[in-house]
Amino acid sequence: MTSPKLSLAWETHFVWYDRCLGATTLELDELAASLLAPLAPEEQDDLRRHENNPFPPSDPLFKRWKPTDFSAWKLPAPPSLPAAWLSLLRFSNGGSVLHEDMEFAFFGTAKVREYALAYHFPHYMPEAVPLGLDGSGNFAVLDVRELPVDGEYPILLSSAGNLGFEDAVLLGQSFLEFCSWTRRLEEAFDD
């Protein structure tokens with residue numbers, strides 16, 4: 001499937017109900033660098049503070065549970081980011097949009113890493129970069145398991161409560177194809 005022809009006139013393509021200032025070159029560079037950076041000790045400490053043994057003390061698995069080794073986590077390091085995504089971020093560094101029935105909240109450059117760690121993407125979808133959330137608790141993610149084709153990666157939909165490639169569904173072969181959706185994203189699970 002080829003990418004649809006879509007103008008990069010973001011101001012008219014989407015109905016914006018939470019538009020932000022556009023990202024600066026520095027913010028876009030920081031986004032790319034944040035995907036390459038190992039987890040800082042403070043990030044690991046924060047993740048540890050929110051991790052608990054899921055088993056009650058009476059359960060035999062309670063003593064066998066081991067905390068996660070967050071130092072082994074790595075965020076994906078794509079060789080490049082899609083030009084269309086960067087274009088959108090230059091127009092609005094995050095923000096909520098409508099495109100007919102499709103509702104979506106794009107993450108700003110500073111939120112991508114934050115959400116990736118908070119939702120444990122390095123564990124559940126280690127080769128995925130979260131782009132944002134729809135209104136039903138689903139992430140749209142860049143699938144960077146393979147090298148980009150013409151600078152583009154597939155965009156997948158994955159439930160925030162069930163992250164994983166095995167249950168994710170394809171939204172498009174490119175960022176522009178994803179942006180052409182006009183239905184509620186959750187309907188992709190029924191396709």
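What volume does the second largest pocket have? The notes below start from that point.

1. Basis. The model is predicted, and local features need pLDDT of at least 70, side-chain atom pairs count only at pLDDT 80 or more, and totals for chains, interfaces and linings use all residues. Residues are numbered from 1 along each chain as its sequence is written, and side-chain values use heavy atoms, with hydrogens and water left out.

2. Second largest pocket. Its volume is about 160 Å³. A pocket here is an open set of points on a 1 Å grid over the protein atoms alone, with protein on both sides within 12 Å along at least five of seven lines; a cavity is a set where a 1.4 Å probe fits but cannot get out, and lining residues have an atom within 4 Å of a point. Grid points are joined across faces, edges and corners, and the volume is the space filled by probe spheres set on the points.

3. Lining of that pocket. The residues are Glu-42, Glu-43, Asp-46, Leu-47, His-50, Glu-114, Leu-117, Ala-118 and His-120. Helix 3 (41-49) and helix 5 (111-118) are the elements that give two or more residues to this lining, and helix 3 has the largest share, with 4 residues. Helices (H or I, at least four residues) and strands (E, at least two) are DSSP runs, numbered from the N terminus. By class, the lining has 3 nonpolar, 2 polar and 4 charged residues. Ala, Val, Leu, Ile, Met, Phe, Trp, Tyr, Cys and Pro count as nonpolar, Asp, Glu, Lys and Arg as charged, and the others, Gly among them, as polar.

4. Glu-43, one of the lining residues, forms a salt bridge with Arg-113 at 2.7 Å, N to O. Arg-113 lies in helix 5 and Glu-43 in helix 3, so the pair ties together parts that are 70 residues apart in sequence. Arg-113 is buried at 10% relative accessible area, whereas Glu-43 is partly exposed at 22%. Buried means under 20%, exposed over 50%, and partly exposed in between (1.4 Å probe, protein chains only).

5. Other salt bridges. The whole structure has 8 salt bridges, each a side-chain nitrogen of Lys or Arg within 4 Å of a carboxyl oxygen of Asp or Glu. Among them is the pair Arg-145 and Asp-143, with the closest N and O atoms 2.8 Å apart; Arg-145 is partly exposed at 44% and Asp-143 is buried at 9%. In the pair Arg-183 and Glu-187 the closest N and O atoms are 3.7 Å apart. Salt bridges that share partners join Arg-183, Glu-187 and Asp-191 into one network.

6. Cavity. The count is 1 cavity of 30 Å³ or more. The largest cavity holds about 40 Å³ of space and is lined by Asp-101, Glu-103, Asp-134, Gly-135, Ser-136, Arg-184, Leu-185 and Glu-186. Its lining divides into 1 nonpolar, 2 polar and 5 charged residues.

7. Leu-28. This residue lies in helix 2 (residues 25-36) and is buried at 8% relative accessibility. Leu-28 and Pro-57 are 29 residues apart in sequence, and their C-alpha atoms are 46 Å apart in space.
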